[in-house]
Amino acid sequence: MADIKEDIGHAQHQHLNLTVEAPKMEEKEEEREQMKTKRVASLDIFRGLTVALMILVDDAGGEWPMIGHAPWNGCNLADFVMPFFLFIVGMAIALAFKRIPDRLKAISKVILRTLKLLFWGLLLQGGFSHAPDKLTYGVDMKMIRWCGILQRIALAYLVVALIEILTRNAQAKRLSPGRFSIFKLYFWHWVAGACVLIVYLATLYGTHVPDWQFTVQITDSADFGKKLTVACNVRGKLDPPCNAVGYVDREVLGINHMYPHPAWQRSKACTKNSPHEGPFQSDAPPWCYAPFEPEGILSSVSAILSTIIGVHFGHVLVHMKDHSTRLRHWIVPGLALLILGIILHFTNAIPLNKQLYTFSYVCVTSGAAALAFSIFYILVDILNLRYMFLPLEWIGMNAMLVYVMAAEGIFAGFINGWYYDNPHNTLIYWIQKHIFINVWHSRKVGILLYVIFAEILFWGIVPGLLHRFRIYWKL
């Protein structure tokens, strides 16, 4: 995924190299502190774990649907990946912009990085790349997918980074005493978060969703090419066909530019094989055949909240120096968010839903991210058990490379391009079949072990070799 790294001397990968030209006394003290600060290896490891989880759920989720995306309401393992990335981006923003000597230069870097993320997002998920299964490239511009994972990260990064830069003069130099001083210091971040939440909830519950039509684009369906109508004419519904998230995307993006294989196609209403993929039932409702954008406009607005929460945890890391204080300011809010989200879901107030990026989903996933990072911080930065997680750390150091090559299947597509007699007779298929599936006499177990050892472990070693030569893919 996007490896949003600290701008201050590339702090996640290099030692700080600061030159001082007659600074003031306060600036000298700040720079001395920065030179003494140890790199927070747990952040790299947490990033690496998140990339590894993405590979696992993408490539093994078909055989193990309990770890894949929930068809609609609910939260499976795959549903934690995106908010974990956004949380990490927020923490990285706080570290990257803890000192801003030149505001215009910082803004230009943010804009340039945002454009790079958008470019790679369109290239990898817009439909141009058909890797790893199809050895073709190209996309019909009438059907290009405008949204995606990197595009969502780009939006969240742009908004939160600009807030961090533009509100810096309004902040005090030092953290004042008090239990809530860290919240007061970054008051405008929470104001922005409140505005994001209000806009999202007002649109989600206040928008009238009319009936809508679409043309079936599923080529192996008997209804291919037919125009179907979905009856809605409601307001404030959070069901698959009639929610405001889908309505906004259909109106702004256009239905032909949305994701054609949404997770809801695995729901019980659509297929008897649920939660596995399978043929649609004969009486499946029309919306089962329709596209839906899981990284759409309104849901991406809500996703900004995950990054704002992440940047708060980064601020704790920057301003608070002892381990116990940091952990207290991470674990308590993390538990509070987790409990709040669970209550909202099980009281049927706001369901957990990744497709809609509901507020309960923000709370549960952000709370889980806070607790997961705290565990890594204890194990790695306090107990010095870093060696146990070296492959994850190496992946985290080169997260963009591993995301492109492994999660998006570019490397596998390259290998599949060298086949013998038949495009399905490739080295990858041979390894899957003869080393994993046939040995274990189970496709489910074989695919899971293949993903763990031939993909995740492999891509833990390759970045380790690149790290030895100080080679990183930076955006």
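Colleague: Is the crossing of α2 and α16 left-handed or right-handed?

Modeller: This is a predicted model, and in it the crossing of α2 and α16 is right-handed. The axes of α2 (residues 41-60) and α16 (residues 443-456) cross at roughly 145° and come within 10 Å.

Colleague: Which residues in α2 and α16 meet?

Modeller: From α2 there are Ala52, Ile55, Leu56, Asp59 and Ala60, and from α16 Ile447, Leu448, Val451, Ile452, Glu455 and Ile456. Sorted by class, the contact of α2 with α16 has nine nonpolar and two charged residues, and no polar ones.

Colleague: How should I read an aromatic pair?

Modeller: Two values describe a pair of aromatic rings: the distance of the centres and the angle of the planes.

Colleague: How many aromatic pairs does a search of the whole structure find?

Modeller: The search finds 27 aromatic pairs. One of them is Trp212 with Phe214, whose ring centres are 5.7 Å apart. Their planes are at 40°, so the pair is tilted; an angle under 30 degrees would count as stacked and one over 60 as edge-to-face. Trp212 and Phe214 are buried.

Colleague: And the pair of Phe373 and Tyr377: what are its distance and angle?

Modeller: Phe373 and Tyr377 are 6.3 Å apart centre to centre, with 40° between the planes, and this pair is tilted. Both residues lie in helix α11 (residues 359-382), four residues apart, which is about one turn of the helix.

Colleague: Which residues do ring pairs link into a cluster?

Modeller: Phe373 and Tyr377 belong to that cluster, together with Phe46, Phe80, Phe84, Phe87, Phe313, Trp330, Phe376 and Phe389.

Colleague: Where do charged side chains lie over rings?

Modeller: Two cases can be named. Arg250 lies over the face of Trp212, 3.8 Å from the ring centre. The charged end of Lys444 is placed over the ring of Trp64, at 4.3 Å from its centre.

Colleague: What should I look for in the backbone?

Modeller: Most peptide bonds are trans, and most residues other than glycine have a negative phi. Departures from either pattern can be picked out one by one.

Colleague: Which residues does a cis peptide bond join?

Modeller: Ser274 and Pro275 are joined by a cis peptide bond, with omega about 5°. Pro275 is in the loop between α8 (244-252) and α9 (297-319).

Colleague: What is phi of Asn233?

Modeller: Phi of Asn233 is near 55°, a positive value although the residue is not glycine. Asn233 lies in the loop between β3 (227-230) and β4 (234-235). With a relative accessible area of 53%, Asn233 is exposed.

Colleague: Tyr357 also has a positive phi; is Tyr357 buried or exposed?

Modeller: Tyr357 counts as buried, because its relative accessibility is 0%. Its phi is about 50°, and Tyr357 lies in the loop between α10 (323-346) and α11.

Methods
Residues are numbered from 1 along each chain as its sequence is written. This is a predicted model: local features need pLDDT of at least 70, side-chain atom pairs count only at pLDDT 80 or more; totals for chains, interfaces and linings use all residues. Side-chain values use heavy atoms; hydrogens and water are left out. Axes are lines fitted to C-alpha atoms, for helices over the stretch in contact, and angles run from 0 to 180 degrees between N-to-C directions. Helices (H or I, at least four residues) and strands (E, at least two) are DSSP runs, numbered from the N terminus. A crossing is left-handed if the near helix is turned anticlockwise from the far one by less than a right angle, and right-handed if clockwise. Contact means heavy atoms within 4.5 Å. Ala, Val, Leu, Ile, Met, Phe, Trp, Tyr, Cys and Pro count as nonpolar, Asp, Glu, Lys and Arg as charged, and the others, Gly among them, as polar. Rings of Phe, Tyr and Trp (its six-membered ring) pair if their centres lie within 6.5 Å; planes under 30 degrees apart count as stacked, over 60 as edge-to-face and the rest as tilted. Buried means under 20% relative accessible area, exposed over 50%, partly exposed in between (1.4 Å probe, protein chains only). A charge sits over a ring if NZ of Lys or CZ of Arg is within 6 Å of the ring centre and within 35 degrees of the ring normal.
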